[in-house]
Structures are given as C-alpha cells and as structure tokens.
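This briefing walks through one protein model, topic by topic. Please keep the sequence and the structure in view while reading.

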Amino acid sequence: MPAEPPSPISYRGRLAPSPTGFLHLGHARTFWIAQERAQSHRGALVLRNEDLDRARSKREFITAMLEDLHWFGFQWQEGPDFGGPFAPYSQSQRLNLYRGAFEKLRAAGFVYPCVCSRQDVLRALQAPHAGEDEPVYPGTCRATKGNLVQNSNAAPVNWRFQVPDGETVSFVDLRLGPQHFVAGRDFGDFVIWRHDDLPSYQLAVVVDDAAMAITEVVRGEDLLKSTARQLLLYKVLGLTPPKFYHCPLVTDQSGVRLAKRHDVLGLRALRATGATPESVRALWGAVTS
Ligand SMILES: [Zn+2]
C-alpha cells in the first residue's frame, strides 16, 4: 500500500501528570492511550509536570513519577527531565505566561473578582448535586463586578471568567463524537485566577497546550465539560484549540472510579508485588469489566 502523505502539521500529544501522589492504574491507562495515539501518528509526546499545587506537589513525587513512567514504558521526546523547544515543562516555572493571559482577560473585561467561598456557592444553590464536576456558580458576584478591585486593602479574591449565558459550546470528540454544552446551564462562571495568586487548572492547561503547540489532548471523559470551558478561553484569547480524545475512566469492581486512595492500584504498589507493565496492562480489562 502507498504510504500516506505526511500531515502538514505534525501530531503533538502530551502526558500531564500532577506530582501530588503516586501514579495509579487510571493515570497509566489514559497516558498509555495518549502514547499509542502519538505513536500511531508518528508524532511527538510531551511530558508536562503539572505542579501548581504548592502544598501537595512534592519533590519526592516528581522523582517517583518519572521513575514510574519510565518503568511502565513511557517515552517522551520533550519534558522537565531533558528539556525541549518549549521549555520549561514544569508549570511552576511558567507563571509569567499564565499571568499574561490572565491580564489579557482582565483588560478585556472577561473576568470579575469573586469573594464567595466554596460553602457560599453550595448554599446559594437550590439543589446542589454531587457529581464529579464543580457546582454551577450562581453568579453572586457578577453584579458587584469591579467594586472589590477599587479597594487595594481587599483580601485576595478568586477571579472568575464570565461565561456567555445560553451559548452552546460544541466540539467533536475523537472517541465520543459530537458534544454540546450550554454555558450558564451545564457549567457556570469558573475560576481563572485563584485567591492564592495561582492560575486555575483551566487557564494553565489552555495556555500550555497552545504554547506547546499540542495538536491533540487525550484525557479522561470526566473532563468533557472542562473542554467546553476551555474552548471558551481559546476563543477569547485568540488561540487555536487542539483536538480532543476523551478516554473511558477506569473503575474498580463496584464501579467506583479509581482514585489515589486505591493505594493497592498504585503503580509502585503493583510493581512491589512483582507485577510487570505487561501484567498491569492485562489488568485494565479486569478493572473495567
Ligand atoms: Zn462570588
């Protein structure tokens, strides 16, 4: 068969772990799918260290993360351990980029300060529902927009992105097909800059994926709504979004999503019991069936 002509834009994927604990089976499976997709496109894979959580990101976890990824058979072409054209690859070293994007959003009037605590948001809701996603922000601080910033002595606040209420955000997921979410209904105004002077996950990921020229994002399907939020940011920041492939989540036998509390399914723990990467991959069928 004739070879396919090379794509004008070469594939760039990424692995984006947070060093707040040890890698577990759920991360490994999502990352493995990301690596397989990058390899099948003869593309590059970037390792990005998402270490913005100062309190929970620990050096020992970063070392362990790199070791576990190597042991499992992951191979990346750019990353915090050996650099690359889009260095640095640790989010804690990229704060100036996030701040620049935030200032752009603020200058254009897309954000407002919010003094609500998480408890305030929950109390203001008629029927808070316990899901994976955050509750829809009721918009309490939209009306007082700007008042807080006048006072230089004001306590640090969260800055929220004001979503265009009623606007449908649509995208085609490469696994799940067409997706539609309505701003203001499926998700509300979300935090862009945190009261502890750090960017939110949503902002940092958009800035990094765009700056690192990522063409396809592979991640868990719990982040579908986050993709809709992020597409709004791409639009107002004038950035080109990547494509998205959302993977099924790994659950245990009772259907509960794997989390870090499932210590027994940590890659370290499995390795200590004599597991090999091949036997771990064989487990994926078992935990999801
Ligand atoms: Zn508020």
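This is a predicted model: local features need pLDDT of at least 70, side-chain atom pairs count only at pLDDT 80 or more; totals for chains, interfaces and linings use all residues.

By about how many helical turns are R281 and E278 separated in helix α9? They are 3 residues apart in helix α9, which covers residues 277-288, and that places about one helical turn between them.

**The zinc site**

- The zinc ion is coordinated by the SG atoms of C114, C116 and C141 together with the OH atom of Y137, at 2.1 to 2.2 Å.
- Because the 4 donor atoms subtend angles of 99 to 121 degrees around the zinc ion, the arrangement is tetrahedral.
- Along the chain, the donors of the zinc ion follow the spacing C-x1-C-x20-Y-x3-C.
- C114 belongs to strand β3 (residues 111-114), while C141 sits in the loop between α4 (118-124) and α5 (147-150), so the pair ties together parts that are 27 residues apart in sequence.
- Both C114 and C141 are buried.

**The nonpolar cores**

- In soluble globular proteins, nonpolar side chains tend to be buried together.
- Here the largest nonpolar core has 36 residues, and those with the most contacts inside it are L105, F161, F187, I192 and L203.
- At least two residues of this core are supplied by each of α3 (95-107), β4 (158-161), β5 (168-173), β7 (190-193), α6 (201-211) and α7 (224-237), and the largest share, 7 residues, comes from α7.
- If neighbours within four places in sequence are left aside, L105 is in contact with F110, V111, F161, I192, L203, L233, V236 and L237.
- Another core, of 28 residues, lies apart from this one, and it includes I33, L66, A275 and V280.

**Salt bridges**

- The structure holds 19 salt bridges, and the pairs below are among them.
- D68 and R268 meet through their side chains in a salt bridge, with an N to O distance of 2.9 Å; D68 lies in helix α2 (residues 59-72) and R268 in helix α8 (residues 267-272), so the pair ties together parts that are 200 residues apart in sequence.
- A network of salt bridges links R14, R48, E50, R94, D208 and D209.

**Helix α7**

- Helix α7 is mostly covered, since 11 of its 14 residues are buried, including L224, R229, L233, Y234 and L237.
- Just after α7, G238 takes a positive phi of about 70 degrees.

**Loops and backbone details**

- Most residues other than glycine have a negative phi, and most peptide bonds are trans.
- R42, however, has a positive phi near 50 degrees without being a glycine; R42 lies in the loop between α1 (25-40) and β2 (44-47) and, at 80% relative accessibility, counts as exposed.
- D197 is likewise not a glycine and has a positive phi of about 65 degrees; D197 is found in the loop between β7 and α6 and is partly exposed, with a relative accessible area of 38%.
- The peptide bond from A87 to P88 is cis, with omega near 0 degrees, and P88 has its place in the loop between α2 and α3.
- L174, in the loop between β5 and β6 (177-182), counts as partly exposed at 39% relative accessibility.
- Not counting residues up to four places away in sequence, L174 touches R37, E216, K243, F244 and Y245; the C-alpha atoms of L174 and E216, which are 42 residues apart along the chain, are separated by 9.5 Å.

Definitions and conventions
Residues are numbered from 1 along each chain as its sequence is written. Side-chain values use heavy atoms; hydrogens and water are left out. Donors are N, O and S atoms within 2.8 Å of the metal (3.2 Å for Na, K and Ca); water is not among the atoms, so sites may look incomplete. Four donors count as tetrahedral if all angles lie between 85 and 135 degrees; four count as square planar and six as octahedral if opposite donors are over 155 degrees apart and all others between 65 and 115; anything else is irregular. Helices (H or I, at least four residues) and strands (E, at least two) are DSSP runs, numbered from the N terminus. Buried means under 20% relative accessible area, exposed over 50%, partly exposed in between (1.4 Å probe, protein chains only). A nonpolar core is a set of buried Ala, Val, Leu, Ile, Met, Phe, Trp, Tyr and Cys residues joined through side-chain atoms within 4.5 Å. Contact means heavy atoms within 4.5 Å. A salt bridge is a side-chain nitrogen of Lys or Arg within 4 Å of a carboxyl oxygen of Asp or Glu.
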